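Let's take a walk through a protein model together. Have a look at the picture first, then read on.

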Amino acid sequence: MMKRCLLEPETLKTFAVSRQNITKLFSSNKMSIATYEEVLDLPNHPEKVLIDVRGADELAATGQIPTSINIPLPTLEQALNLPADEFKAKFGHAKPTPDQEVIFHCKLGGRAQKATDLATSLGYTNARNYKGSWTEWAAKQGL
């Protein structure tokens, strides 16, 4: 025998709003994965910023992707909260604006995803993860 569950109008309204908010959250999330081809083409797109979130020791051991700036993950939040002039003085690059496309990479993509999530939480609406990161870049570049 099937039982009926009757919901009060207020409960139903709360459920609808919650479901609507969840749907909106997932459909408006602009987080995406950047491809090798996009990263390869970054020298032709100075309006985009590539941030390498690996540590300086990793960078010294492997090299870096052209156009990338190094901001290790543990210092990323502080860096993205710097005033624009301090950011430029520290990293030699203009601070990305909240609506500018920013692509993060690391060695394998895990820290880059954390960086993407962090940037998104700070209001960067076009933060992306180069999921292939250094490993894919080095393999395809024959390094």
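How many helices and strands are there in the protein? Counting them up gives seven helices and five strands. Keep in mind that this is a predicted model. Starting at the N terminus, the elements come in the order α-β-α-β-α-β-α-α-β-α-β-α. The protein has 143 residues, and buried ones make up 32% of them. If you take the contacts with a separation of 6 or more, 62% are between residues 24 or more positions apart.

| Strand pair | Sense | Bridges |
|---|---|---|
| Strand 2 and strand 3 | parallel | three bridges |
| Strand 2 and strand 4 | parallel | four bridges |
| Strand 4 and strand 5 | parallel | three bridges |

Now zoom in on strand 2, residues 49–52. Are its faces covered or open? Both are covered: Val49 and Ile51 are buried on one side, and Leu50 and Asp52 are buried on the other. Leucine 50 has serine 68 in strand 3 as its bridge partner. Aspartate 52 has asparagine 70 as its bridge partner in that strand. To get from strand 2 to strand 3, the chain goes through helix 3, and this β-α-β crossover is right-handed.

Phenylalanine 104 finds its bridge partner in strand 5, namely asparagine 129. The chain reaches strand 5 from strand 4 by way of helix 6, in another β-α-β crossover that is right-handed.

**A closer look at aspartate 52**

This residue lies in strand 2. Why does aspartate 52 count as buried? Its relative accessible area is 0%, and the cut-off for buried is under 20%. In strand 4, aspartate 52 has histidine 105 as its bridge partner. Its side chain also makes a polar contact of 2.8 Å with the side chain of arginine 54. Leaving out residues up to four places away in sequence, aspartate 52 touches several others, including Leu59, Gln64, Ile69, Pro72 and Cys106.

Which residues of helix 7 (residues 133–141) are buried? They are Ser133, Trp134, Trp137 and Ala138. Viewed down the axis of helix 7, these buried residues fall within an arc of 125 degrees, so they line one face of the helix. There's a handy rule behind patterns like this: an α-helix has 3.6 residues a turn, so residues three or four places apart point the same way.

What do the buried residues of helix 7 pack against? Their partners are helix 2 (36–40), helix 3 (56–62), strand 4 and helix 6. After helix 7 comes glycine 142, which has a positive phi, near 70 degrees.

Conventions:
Residues numbered from 1 in each chain as written. Predicted model: local features only at pLDDT ≥ 70, side-chain atom pairs only at ≥ 80, totals over all residues. Heavy atoms only, no water. Pairing = 2+ DSSP bridges. Helix = DSSP H or I, 4+ residues; strand = E, 2+ residues; numbered from the N terminus. Right-handed = clockwise from strand over helix to strand, strands pointing away. Buried < 20%, exposed > 50% of the residue type's maximum accessible area, 1.4 Å probe, protein only. Polar contact = N/O pair within 3.5 Å; in protein donor to acceptor, adjacent residues only side chain to side chain. Contact = heavy atoms within 4.5 Å. Arc of directions from axis to C-beta.
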